[in-house]
Amino acid sequence: MSHPRSSTSQRFAQFKLVLLGESAVGKSSLVLRFVKDQFDDYRESTIGAAFLTQTIALDESTTVKFEIWDTAGQERYKSLAPMYYRNANCAVVVYDITQAASLDKAKAWVKELQRQANENIVIALAGNKLDLATAQPSKRAVETAEAEAYAREAGLLFFETSAKTAENVQQLFTAIARKLPLDQQGPRGLRQGAGGRGVDLKGGAAAQQQGCNC
Amino acid sequence: MGDLNEEYDIVVVGTGLTECILSGVFGSEGKKVLNIDANSYYGGESASLNMFDMWKKFRWSEDQRRQEDQRKKDIETMENEEREAEEKRRAAAKEAGDDSYKPLPKGERPPQAGPNPPEHYGKDMRSWNQWHISLIPKFLMADGELTRILHQTGVTNYIELLSVGGSFVVKKGVPSRVPSTRMEAVKSPLVSTMQKYYMQNFLQFIANYKEEDASTHKSDLNLDKNTMREAYKIFGLDSWTSEFIGHAMALYSDDSYLDRPAREPIERIILYVKSMARFGNSPYIFPIYGLGELPERFSFLSAVYGGTYALNTPLQEILYDDSGRVSGVKFPHPITKEETVIKTKKVIADPTYFLGDSKRIRATGKLVRAICILDHPVEGTDNVESAQIIIPASQTGRKHDIYISVLSSVFNVCPKGFYLASVSTVLEDPEGGNPHQELEAGFERLGLGSGRLGEKEEKFISVVDIYEPVEDGTRDNVFISRSYDAATHFESTTDDVKDIYKRVEGKDLVIKERKEQPEEQ
């Protein structure tokens, strides 16, 4: 995996992004929409890929690559391993705007992230399933203003999204990319198996570099 | 949606490394796996703990830990009740068209049952989380079976391992690097002038040996008929040279191997030398963020294939059918805490879930381990950031070696300026009442001799029982794993994984190589 750092004015940064939220709020669907521009109505749970990557060009000279970690359902019984959000540069905390309780869960996750995760983590709150409330306003259980007020108070980015119609999905991830400290990206952002400072288990030669513990 | 299934192919109890590799393997084979653990963290006996959990485990009383568990349950109940009440109020307000609705302030939570760690180790969760203290002092052999499994399962795509800085053996109080090539043997102070020629010949034999190529064998040595004692003699190796080969390369913790066939020790020495050749410095590699990464990553692998995990979920009972075989398991539901019965035909469990059950497990010995927090590097190791140091039994008048493993902040296991060292040995005098005394030679090496301890230094000492299953599990389909042994590496753990797999499935474990890389756009 090589990093395109071709011309001198090009900036390229890679960040680890995690998704959190109650099960069935549409975390995986948001990722699927963002990464593959697909939606699957009957998607059950996350099987197959450990993480996906997607690149955003912020402007002509700046490219941000997200390494997106889905929970693979381990959040379901409060059994998410610490390794999951360790070193995450950004998090999308998702709730379902048709389920009031899912916002409470989202708030609990935000609290946990703010207590335990990286100090400079960028957190976005996403109220998903906007399409349902658009089609049938009575289905809405969380008012936009309420969630927005909470997000402002907690210092979060906020979007109401629809993975189904793609509304605000690109905007959500772009807003996160813009808020990330592109210049301060350290090895924690660059975390991809043998691509970091770890040894390469495939090859035989010493692939280890001098470790920098920052 | 989202609740437990009625039936699983396999229920795995405990999230230690052995259990998590197995649930990862079974998951990737398409089996439905439920994995429960009584603890609030992954890894069981092979976990890495943050400083708060470390303090809780070693410095709190049994009573405080019990109170804290109760407090957590109480808080969860309070939260659930508050959430439900809030939802009712919110719905009622919506119904009545009242937009002045605001959630009520939350009730006061009961206070924490025990003390926080001292402030020089951090003041809040975020700083305690910088510690990843591994409970068992083991490294991975760079060319060993666990490394191969990590690679084949694709778990290497999301774990980073670093090469350990040095492998040392102590002679007359001085640590020296273990020589593993002919050149190193020439230079090594461990090999006497008289022995250099013989050691070089031996290492040449090791480097060239191929099972299928008779020309690489030694004509007067039969690996299955000759004992290792005889093999050393055939190579002309004296007692000290053979001692450090057996203890620091074949990694036997006592001398009982000498009178067994030479094949196993020779294979272990080959593994050592091959591992050494992969990344230099030492034959060992270790994960950034500690050993707890391994069970966590394997659990993630299993979850990616649809495996279900529930922490804070103790096993209450295994249920059996009329023929005495497993028919299900009973445990409190991870969220509602209601008694839950899940159907399954097979249970894999770690031995700590059967403590005191002599029909299930038996103790095979005791280890004493001290996890030490140091504020200085270990003397005599060229100030390397990580090392394995072996003090052979002969140097201390003991029957078993003392093992020391040292790690630093380079591995992101502790904040800068600190070092983590584990000292461990087989307990030779369990009735002596002074288990830490058996580690004294190790403490001396760390600068902690005669009970010396710096202001910011700490020793967490524990005596652990080593268990093995009484039965192989094929009678009732309860398959129990072994405790993590005294060895410095995981080779016996992967043997146990393969062994359990074979008992469960009736065939050998063949891990399909997971070729696909994380998707790239």
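## A three-stranded sheet in chain B

In this predicted model, three strands of chain B make up an open sheet, arranged in the order β5-β9-β6 with antiparallel pairing. The edge positions belong to β5 (140–141) and β6 (161–163) of chain B; each has a single partner strand, so one side of each is left without a neighbour in the sheet. Strands of a sheet pair through backbone hydrogen bonds, in either the parallel or the antiparallel sense.

Three bridges join β6(B) to strand β9 (residues 284–287) of chain B, and this pairing is antiparallel. Within β9(B), B:P287 is the bridge partner of B:L161.

## Cavities

Rolling a probe the size of a water molecule over the atoms shows where empty space is left. The count of cavities of 30 Å³ or more comes to four. The largest cavity has a volume of about 120 Å³.

Sixteen residues line the largest cavity, and those nearest its centre are B:S134, B:S405, B:L407, B:L420 and B:S422. Three strands of chain B, namely β4 (133–134), β16 (402–408) and β17 (419–426), each contribute at least two residues to this lining. By residue class, the lining of the largest cavity comprises eleven nonpolar, four polar and one charged.

## Overall make-up of chain A

Chain A contains five helices and six strands. Along the sequence, these elements of chain A follow the pattern β-α-β-β-β-α-β-α-α-β-α.

Of the 214 residues in chain A, 54% are buried. Among the contacts in chain A with a separation of 6 or more, 71% are between residues 24 or more positions apart.

## Helix α4 of chain A

Which residues of helix α4 (residues 144–154) of chain A are buried? They are A:A147, A:Y150 and A:A151. These residues lie on the same side of α4(A) because they cover an arc of only 100° around the axis. The face of α4(A) turned away from the buried side carries A:A145, A:R152 and A:E153, which are exposed.

Just after α4(A), A:G155 adopts a positive phi of about 75°.

Notes:
Residues numbered from 1 in each chain as written. Chains lettered and ligands numbered in written order. Predicted model: local features only at pLDDT ≥ 70, side-chain atom pairs only at ≥ 80, totals over all residues. Heavy atoms only, no water. Buried < 20%, exposed > 50% of the residue type's maximum accessible area, 1.4 Å probe, protein only. Helix = DSSP H or I, 4+ residues; strand = E, 2+ residues; numbered from the N terminus. Arc of directions from axis to C-beta. Pairing = 2+ DSSP bridges. 1 Å grid on protein atoms, 1.4 Å probe; cavity = no way out; pocket = protein on both sides within 12 Å on 5 of 7 lines; lining within 4 Å. Points joined across faces, edges and corners; volume = space filled by probe spheres on them. Nonpolar A, V, L, I, M, F, W, Y, C, P; charged D, E, K, R; others polar. Contact = heavy atoms within 4.5 Å.
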